Amino acid sequence: MSKTSLLKIDNLTISFPYGKSHLQVIRGVDLEVIQGEVVGILGESGSGKSVTAASVIGLTRDDAGRIDSGEIHFKGKNIVTMSGKDLQRLRGKEIAYIFQDPVGSLNPYRKVGNQIVEALKVHHLPCSKELVLQIMLDVGLNQAETIYDMFPSQLSGGQCQRIQIASAIACKPDLLIADEPISAIDASLQKKVLALLTDTNKKYGTAIIIITHDFAVVKHICDRVVVMYGGLVMETGTVKDVLDDPLHPYTRELLKCVNSLSNQDERLYTLEGRALGPSEYTGGCVFYTRCMNKTGPCHSEIPPLLNRTGGRQVRCLNARSERT
Ligand SMILES: Nc1ncnc2c1ncn2[C@@H]1O[C@H](COP(=O)(O)OP(=O)(O)O)[C@@H](O)[C@H]1O
Ligand SMILES: [Mg+2]
């Protein structure tokens with residue numbers, strides 16, 4: 001795998017309007033994606049996965065979100081300071097985004113085939129009905145001819161998700177961001193959609209960020225995992241390293257829950273307490289209230305994200321040493 005950096009997010013903070021002021025929801029995210037890599041962003045609901053990912057294509061701008069500090073470099077260009085016009089050019093063509101809600105993300109008034117044609121046209125890419133039908137077949141829409149002329153409301157969630165994926169991969173982007181791509185579709189189709197993403201990665205060398213709250217998804221298709229909590233990255237590493245030897249107490253708790261489920265324990269292990277909302281954080285570690293390993297300083301300090309061996313990173317004052 002080439003080691004060229006494709007996306008590099010440095011110390012990103014994002015806030016949203018809150019009453020008369022702003023509330024910080026992303027508190028200093030650092031994240032890197034290497035060309036051709038598949039990275040999973042994992043964390044419970046509300047941990048900041050979607051807002052972080054949306055900022056990469058400037059969607060937080062459209063959503064009243066404000067980037068207070070930090071940089072997002074894509075192929076060396078800073079997206080934070082990029083003009084709306086340049087950003088528009090990047091969207092779809094170089095960075096494609098698959099939204100969590102497959103039906104709502106399509107235009108309800110346009111036939112789905114035309115929506116894929118449109119995606120190609122916008123970026124001045126070759127487009128013909130034949131080409132679009134082929135892409136639809138590639139993503140497993142077997143009745144492509146019929147589906148081409150249908151509206152999103154006439155299709156299932158899984159079919160709409162495939163249209164989104166078809167649109168995304170038609171432009172052969174360098175980076176594909178998929179936000180919970182299988183959570184809204186039937187279990188029977190989930191593996192197929194994941195396989196489709198893996199195929200896209202292998203066939204075109206497309207780097208993929210897949211957002212999920214499911215370790216099984218990460219294990220299935222990712223090279224590396226980024227664990228988020230409270231608007232911060234808690235731990236990163238190869239999937240094998242993090243799953244075999246989680247260093248952060250939060251990752252360890254998440255894994256205990258997953259293992260308890262797969263062991264079919266009589267009493268399922270659950271993570272104690274609830275994740276705090278952005279308005280509830282004080283100055284300390286964002287995981288403080290639920291942490292089993294906390295000590296005095298954790299109450300008042302946000303620990304830095306520190307590098308460990310093997311390209312791992314962990315944000316915890318009491319993080320465990322790697323097993324040797
Ligand atoms: N448009 C918005 N306005 C205000 N707060 C938002 C908005 N979008 C997200 N948030 C808040 O930002 C935090 C992170 O949200 P999100 O990135 O969607 O979490 P995740 O994708 O990990 O479930 C949450 O507390 C959420 O309520
Ligand atoms: Mg989300």
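I take two strands as paired if DSSP finds at least two bridges between them, and helices (H or I, at least four residues) and strands (E, at least two) as DSSP runs numbered from the N terminus. By this reading 2 bridges join β11 to strand β12 (residues 313–314), and the two run antiparallel; in β12, Gln313 is the bridge partner of Asn307.

I note that this is a predicted model, in which local features need pLDDT of at least 70 and side-chain atom pairs count only at pLDDT 80 or more, while totals for chains, interfaces and linings use all residues. Residues are numbered from 1 along each chain as its sequence is written, and chains are lettered from A and ligands numbered from 1 in the order in which they are written.

**Overall form**

I counted 11 helices and 12 strands in the protein chain. The radius of gyration, taken over C-alpha atoms, is to be set against the globule rule of 2.2 Å times the number of residues to the power 0.38; the value is 20 Å, close to the 20 Å that the rule gives for 324 residues, so the chain is as compact as a globular protein of that length. Along the principal axes, the C-alpha atoms fill a box of roughly 65 × 50 × 40 Å.

I call a residue buried if 20 or more other C-beta atoms lie within 10 Å of its own, exposed if 12 or fewer, and partly exposed in between, with C-beta atoms placed from the backbone; 39% of the 324 residues count as buried.

**The sheet**

I traced an open sheet of 8 strands with mixed pairing, in the order β6-β7-β8-β3-β9-β10-β12-β11. At its edges stand β6 (95–98) and β11 (306–307), each with a single partner strand, so one side of each is left without a neighbour in the sheet.

Strand β8 (residues 207–212) has 6 of its 6 residues buried, with Ala207, Ile209 and Ile211 on one side and Ile208, Ile210 and Thr212 on the other. Strand β3 (residues 38–42) pairs with β8 in the parallel sense over 5 bridges, and Leu42 stands opposite Thr212. Strand β7 (residues 175–179) and β8 also pair in the parallel sense over 5 bridges, with Ile211 in β8 as the bridge partner of Asp179. From β7 the chain crosses through helix α8 (residues 187–204) to β8 in a right-handed β-α-β crossover, a term that applies if, with the strands pointing away from the viewer, the path from the first strand over the helix to the second runs clockwise.

**Val38**

I then looked up Val38, which is found in strand β3 and counts as buried because it has 24 C-beta neighbours inside 10 Å. Taking contact as C-beta atoms, placed from the backbone, within 7 Å, and leaving aside neighbours within four places in sequence, I find Val38 in contact with Asn201, Ile208, Ile210, Ile221, Cys222 and Asp223.

**Ligand 1 and α1**

I find 13 residues around ligand 1, the closest being Phe16, Val25, Lys49, Ser50 and Val51, where a residue is near if its C-beta atom, placed from the backbone, lies within 6 Å. The largest share of this shell, 3 residues, comes from helix α1 (residues 49–56). In α1, 7 of its 8 residues are buried, among them Lys49 and Val51. Just after α1, Gly58 takes a positive phi of about 75°.

Technical notes. Two residues are in contact if their C-beta atoms, placed from the backbone, lie within 7 Å.
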